[in-house]
Amino acid sequence: EAAHRNPAGGDKARRLHGHSYEITLVAEGEIQPDIGWLLDYGDMAAAFKPIYEQIDHAVLNDIEGLEEPTVSGLRDWILRMLKPALPCLKNVRVAIVGACRFDPVLVPPRPEEGLPAALRFTFEAAQYLAQLPETHKCRTMHGHSYRVEVAADEPEAFTDMLREIYELLDHTCLNDIPGLESATCEIICRWLWDRLEAFPGGLRAVIVQETNSARCIYHGK
């Protein structure tokens, strides 16, 4: 979860924003005959940990040696940093979790969660939570690929309004947006609800997910 600016990108990319990144380490080589594996995956994780701690909940532009804070630049930097500790490292794959465009998807009803059909989209943004203790990692500037779902009786009726919201939130620092100065999942849910509640279409819930393990469902006041 990191923030960055891409100086070589378009207007949006040059603004401070953020993403959720998925990183895959690929090793290749001969099996160790006395053990039966190529390497201990625990050793791979241990080698990657100090790199993870540098890039997670950070601004990539501020990292020494990471001259190009893009997907390809991050990939090359991780490969260069890890190769001495992992000689069998063949490749590093870096991907952004979000769609990086407004691409709404209709989600079928989920009766087990009490949710009707929903319209899902993602946006890319940076933020920090100034209200947290200085030792908390979310106190520092970082970023997420946010996944938003608007559950409603007629979710597709919200498409145009959600496009406007996407343009307002995508590739921004959420702290700069009125009402999102402290942009937790819960506050983003309520902020979205307040803008969608009066729109015809039967709004039932707003869901915001910032990571695989952090998700909030808001059913209104």
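**Figure 1. A salt-bridge network in the predicted model.** Arg110, Arg120, Arg147 and Glu149 are joined to one another in a network of salt bridges. The structure shown here and in the following views is a predicted model. In total, the count of salt bridges comes to 12. Side chains of opposite charge can pair when their charged atoms come close.

**Figure 2. The salt bridge between Asp170 and Lys12.** The closest N and O atoms of Asp170 and Lys12 are 2.8 Å apart, and the two residues form a salt bridge. Asp170 is located in the loop between α4 (159-169) and β9 (172-173), whereas Lys12 belongs to helix α1 (residues 11-14), so the pair ties together parts that are 158 residues apart in sequence. Asp170 counts as buried, with a relative accessibility of 1%. Lys12, by contrast, is partly exposed, its relative accessible area being 25%.

**Figure 3. The salt bridge between Arg215 and Glu113.** A salt bridge joins the side chains of Arg215 and Glu113, with an N to O distance of 3.1 Å. Arg215 is part of strand β11 (residues 214-218), and Glu113 is found in the loop between β6 (105-107) and β7 (118-127); the pair therefore ties together parts that are 102 residues apart in sequence. Arg215 is partly exposed, at a relative accessible area of 37%. Glu113 is likewise partly exposed, with a value of 32%.

**Figure 4. The salt bridge between Arg204 and Asp153.** The side chains of Arg204 and Asp153 meet in a salt bridge, with 2.8 Å from N to O. This pair links distant parts of the chain, 51 residues apart: Arg204 lies in strand β10 (residues 203-211), and Asp153 lies in the loop between β8 (142-152) and α4. Arg204 has a relative accessibility of 39% and counts as partly exposed. For Asp153 the relative accessibility is 51%; because exposed means over 50%, Asp153 counts as exposed.

**Figure 5. Ala45 in helix α2.** Ala45 is a residue of helix α2, which comprises residues 41-55. With a relative accessible area of 46%, Ala45 is partly exposed. The C-alpha atoms of Ala45 and Asp176 are 36 Å apart in space, and these two residues are separated by 131 residues in sequence.

How values were computed:
Residues numbered from 1 in each chain as written. Predicted model: local features only at pLDDT ≥ 70, side-chain atom pairs only at ≥ 80, totals over all residues. Heavy atoms only, no water. Helix = DSSP H or I, 4+ residues; strand = E, 2+ residues; numbered from the N terminus. Buried < 20%, exposed > 50% of the residue type's maximum accessible area, 1.4 Å probe, protein only. Salt bridge = Lys/Arg side-chain N within 4 Å of Asp/Glu carboxyl O.
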